[in-house]
Structures are given as structure tokens and as C-alpha cells.
Amino acid sequence: MKLLGTYTALVTPFRGGAVDEEALRLLVEAQIEGGVAGLVPVGTTGESPTLTHEEHVRVIAKTVEFTAGRVTVLAGTGSNSTAEAIELTRAAEAVGADGALLVAPYYNKPSQAGLYAHFAAIAQSTRLPLVLYSIPGRCGVEIAVETVEALAQGHKSIIGLKEAGGSVDRLSQLRQRLPDDFALLSGDDSLTLPFLSVGAVGVVSVASNLLPRAVVDLVQSFLSGRLAEAERLHRRLYPLFRDLFVETNPVPIKTALSLRGRIAPDVRLPLVPLQPSSRARLEKTLSLVGME
């Protein structure tokens with residue numbers, strides 16, 4: 001599996017306390033029509049921490065069903081328990097996912113040796129291609145450049161990294177140390193353009209839930225050498241990239257989707273609806289940016 005382009009970190013729509021599978025189907029169709037390269041169900045944006053195991057696997061299975069092979073499905077299967085991550089990854093493989101996205105173990109804060117052992121154990125348990133996910137702001141631990149390099153050298157199924165540490169310099173370090181065919185993906189919409197400029201090949205995007213074509217065009221413009229067009233799109237979209245994190249993700253993106261009639265804004269506790277001041281700010285930004 002080659003990673004290149006825009007991969008949408010899908011929200012998980014809820015209605016009446018349950019997963020809204022029809023809304024999920026429509027969201028998947030909109031993403032495919034928007035030209036994304038792939039979909040990433042049940043990551044952080046998909047509220048995986050508050051899904052049951054049964055819901056988690058079913059959302060992956062329904063995403064696979066709804067895509068029908070038209071785009072890549074990179075299932076979120078990470079956990080701070082190695083055994084649980086293995087279980088979820090094997091389940092994703094069984095229902096037809098193309099690969100798995102594995103966040104660094106959160107809360108228990110393993111050492112770099114522990115991180116290596118965690119990801120190595122998962123790699124040995126599945127035939128799926130695997131993408132690491134480093135987001136120290138949520139996990140309390142960063143997958144060190146040296147650890148990523150060792151995992152890439154030791155496990156051919158580990159093919160990429162979603163980088164959400166917020167540092168262009170770190171992305172540059174990763175690109176210097178890793179093989180050319182090891183895919184680096186931006187984990188922050190606002191850093192997609194600068195990350196592309198130093199060696200990333202795409203983005204796992206929150207904003208593309210709402211504006212898939214615009215995010216796809218930004219990435220493709222850069223990859224095609226149309227740098228001025230990529231910068232123009234970045235400038236247009238930057239206010240949205242910023243304000244989709246005015247409160248904890250995925251509350252703002254779900255609110256934005258609901259304002260445009262795509263899904264209900266429902267989230268599960270401990271997340272709560274967007275505060276009125278944040279909602280007003282987001283509405284203003286949506287009007288400023290414009291919609292497809």
C-alpha cells in the first residue's frame with residue numbers, strides 16, 4: 001500500500017446515543033466524491049475512546065462496506081494496551097481494512113524501548129500495513145525519531161507515520177533518517193503545507209470531513225508543483241484549520257458538519273457540545289471560508 005494525498009480522519013456520527021450508520025454512509029460518499037485517497041475511521045476524531053469494542057469494529061466494517069474498494073481504509077486500532085491494540089488490529093484485518101493507524105500508547109507513558117516493543121508486537125500479529133501515529137499532546141509521550149527509524153528498519157509492514165507533534169524541524173529530522181518510501185503524513189491541517197515542503201506526502205485531515213475537495217486540491221497542488229495555488233488554498237482554509245480546534249476535537253468539526261446539515265452534532269461524554277461563544281466564532285469562520 002502506497003500512501004499519498006489526503007486521508008480523512010472520519011467523525012463517527014451519533015443520533016439518539018447510537019452510531020448513525022446512514023449518516024456515516026453519506027459522509028463516506030461525500031469524501032469519495034471529494035477525491036480523497038483514503039478514510040481513517042475510529043481514530044481520535046472518530047471518538048474511539050467512547051466506542052464499545054463492538055461499535056469500534058462495526059464502524060470499521062461499515063466504512064469498508066461503504067467504500068467498496070474505491071479508496072483506502074486505514075482503520076484506527078491503537079490502544080495503550082498492546083493486547084487490545086492487537087485484538088483491534090486483527091479485527092480490522094478480518095473485516096477488510098487495508099491498513100491500520102496505531103497511536104502511541106497514552107496515559108501509561110512507556111519508555112522508547114516500551115514503544116518499540118509495543119509496535120513490534122502489533123506488527124508481528126497482523127499482515128496489515130501499519131502507520132504509526134505520534135501525538136504527544138494527547139499521549140504524553142512522543143515516538144522518538146530513532147524509534148521510528150528502528151521500527152521502519154525492523155518491520156517492513158510499518159510503512160508510515162502520522163506526525164502531530166507540531167514541529168517542522170522534527171519532520172525534517174524524520175525525512176532525513178527514514179527511507180524515501182516511508183510515508184510521512186501531516187497530522188495537523190494547519191501544518192500540511194509546511195510539512196509537504198520538507199518531505200511529507202499527504203495529510204490525515206480533520207477539515208476534509210467538511211471540505212474534502214478543497215483539502216485534496218491543496219495537497220495535489222503542492223505535489224504537482226503548483227506552489228502558488230497550494231499557498232492560496234492554505235491561506236483560504238487556514239481560519240478553518242485554526243477554528244476546528246477552538247475546543248477539543250471532534251466537537252468543532254461535528255458542529256460544523258451539523259451546521260451544514262450533514263450529521264447531528266452529538267458527542268459522547270466526557271465531551272460536551274460546543275460552547276455558544278465558540279459556536280458563534282465557528283459559524284463566522286465557515287461563512288468567511290465558504291463552502292463547496
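Which residues lie nearest the centre of the second largest pocket? They are Tyr133, Ile135, Val206, Phe245 and Asn249, out of 21 lining residues. This is a predicted model, in which local features need pLDDT of at least 70, side-chain atom pairs count only at pLDDT 80 or more, and totals for chains, interfaces and linings use all residues. Residues are numbered from 1 along each chain as its sequence is written, and side-chain values use heavy atoms, with hydrogens and water left out.

A pocket here is an open set of points on a 1 Å grid over the protein atoms alone, where a 1.4 Å probe fits and protein lies on both sides within 12 Å along at least five of seven lines; lining residues have an atom within 4 Å of a point. A volume is the space filled by probe spheres set on the points, which are joined across faces, edges and corners. The second largest pocket holds about 260 Å³. Its lining consists of nine nonpolar, seven polar and five charged residues. Ala, Val, Leu, Ile, Met, Phe, Trp, Tyr, Cys and Pro count as nonpolar, Asp, Glu, Lys and Arg as charged, and the others, Gly among them, as polar.

The largest pocket holds about 620 Å³. It is lined by 30 residues, and those closest to its centre are Thr44, Glu47, Ser48, Pro49 and Tyr106. Two or more lining residues come from each of α2 (53-67), α3 (82-94), β6 (99-103) and α5 (136-139). Helices (H or I, at least four residues) and strands (E, at least two) are DSSP runs, numbered from the N terminus. By class, this lining has 13 nonpolar, 13 polar and four charged residues.

Strand β5 (residues 72-76) runs parallel to β6, joined by three bridges; strands count as paired if DSSP finds at least two bridges between them. Gly76 stands opposite Leu101 in β6. Together, β5, α3 and β6 form a right-handed β-α-β unit: with the strands pointing away from the viewer, the path from the first strand over the helix to the second runs clockwise.

β6 also pairs with β7, in the parallel sense, over four bridges. The chain passes from β6 to β7 through helix α4 (residues 112-123), again in a right-handed crossover. Ala100 stands opposite Leu130, and Leu102 opposite Leu132. In β7 (residues 130-134), five of five residues are buried. Leu130, Leu132 and Ser134 are on one side, with Val131 and Tyr133 on the other. β7 is also joined by five bridges to the parallel strand β8 (residues 158-163), where Gly160 is the bridge partner of Val131.

Leu130 and Leu132 return in the largest nonpolar core, a set of 96 residues, among those that touch the most other members. Such a core is made of buried Ala, Val, Leu, Ile, Met, Phe, Trp, Tyr and Cys residues joined through side-chain atoms within 4.5 Å. Val148, Leu174, Phe182, Leu210 and Leu244 are also in that group. Helix α9 (residues 212-223) gives the most to this core, with six residues.

Note on methods: Buried < 20%, exposed > 50% of the residue type's maximum accessible area, 1.4 Å probe, protein only.
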